[in-house]
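Visitor: I would like to learn how the words used for a protein model are tied to numbers. Could you take me through a few of them?

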Amino acid sequence: MPEHFTDLPVSAATAFAQLQTAAMAAELARDVSHLQGSFSTKLVKGTRQWYFAYRENTHSVRQIYVGPDNEEVQRVIERARQQAPLEKLKPLAKSALALGCAPIQRKHLSVILRLNEFGFFRAGGVLIGTHAFLAYANQLGVRWNSPDQTSDIDFAHAGRNVSIALPATIDAQPHSALTTMESGFLPLVQYRGSAGASYKHKDEPEFQVDFLTPRTSDSEEPIHIDNLDVALQPLRFMEFSLEGVQQTTLFDPTGRCVVVNLPAPERYAVHKLLIIGERAGAFRAKVSKDLAQAAALMSYFAANDPEALQEAWADALSRGPGWRKRALEGRKALGNLAPELASVLTHER
């Protein structure tokens with residue numbers, strides 16, 4: 001049995017696949033059933049991606065990102081105009097839970113659902129951090145043997161200067177979503193009179209929500225973009241994760257579901273190695289968590305899809321001396337924890 005994960009029963013993996021297809025169809029139907037538009041594809045960084053294009057009252061054309069060109073997304077598109085009320089998803093979610101799939105905490109799903117209702121994911125938002133790592137278990141058909149727990153929820157957006165598959169022109173109001181919840185959140189800091197990039201729960205100070213973006217300059221100050229009402233905290237190497245985005249479905253023990261964007265798991269794992277050298281001060285405590293998550297995901301890919309992991313690793317090494325230096329520092333740290341996994345990552349580009 002692998003040290004870092006256990007395969008889910010086939011019945012659990014099948015149940016989650018059914019939930020995923022139904023949830024994506026319901027989400028897409030909610031978005032486009034009342035719009036006049038059409039589906040189309042375009043190439044983004046060499047991969048074909050599906051979009052739904054429609055014209056607003058202002059006559060400007062908007063696009064809703066559907067997903068990569070694969071059989072699952074093609075099925076979703078075929079079912080897009082078939083009504084699939086969210087209540088019908090609950091039995092599927094509860095079945096997946098009963099068979100061994102992992103839910104997330106109710107209070108955390110409430111926040112993610114709220115942001116979805118206010119358009120965050122349709123505007124290019126991505127779930128990152130530990131919740132993304134936990135979500136990979138169901139997506140990959142495994143159970144993490146040492147699942148992480150967290151009181152934070154981390155989100156990212158590519159901002160203005162990084163080209164990714166998700167559209168970044170749709171307006172969203174994550175600040176309004178968080179501050180108007182019944183048990184709402186308060187901005188941790190104000191930035192130039194506007195909402196900051198971090199929020200704390202009014203009654204649970206340890207419950208924090210952070211918004212991040214790729215750092216594309218020497219400045220570490222939060223940035224604002226036109227279509228979001230929150231600031232975004234720049235973080236080096238974040239674009240590496242955001243350049244490969246997938247969709248998955250999260251659910252809680254009551255059966256509530258939400259479709260989210262999250263980084264491709266192999267890129268998430270390599271990104272964890274890249275940022276280890278960036279951790280400083282209070283953030284050094286997160287290094288062990290970064291390494292554990294990277295090791296768990298790399299253990300999965302070493303056993304099931306080593307080519308995907310090697311491709312992501314080679315991409316990181318090829319991006320210049322600074323990237324290569326940080327990648328090899330992360331690999332060295334991984335070697336202290338799991339030398340058999342570090343040996344999978346070669347130095348060659």
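Visitor: Why is Gly 124 called buried?

Guide: This is a predicted model, in which local features need pLDDT of at least 70 and side-chain atom pairs count only at pLDDT 80 or more, while totals for chains, interfaces and linings use all residues. Residues are numbered from 1 along each chain as its sequence is written, and side-chain values use heavy atoms, with hydrogens and water left out. Buried means under 20% relative accessible area, exposed over 50%, and partly exposed in between, with a 1.4 Å probe and protein chains only. Gly 124 has 3% relative accessibility, and therefore counts as buried.

Visitor: Where is Gly 124 found?

Guide: Gly 124 is in the loop between helix H4 (106–117) and strand E5 (126–128), where helices (H or I, at least four residues) and strands (E, at least two) are DSSP runs numbered from the N terminus. Its C-alpha atom is separated by 9.4 Å from that of Ile 64, although the two residues are 60 apart along the chain.

Visitor: What makes Cys 101 count as buried?

Guide: Cys 101 has 4% relative accessibility, so this residue counts as buried. Cys 257, at 10% relative accessibility, counts as buried because that value also falls under the 20% cut-off.

Visitor: How many disulfides does the structure hold?

Guide: The structure holds 0 disulfides, a disulfide being a pair of cysteine sulfur atoms within 2.5 Å.
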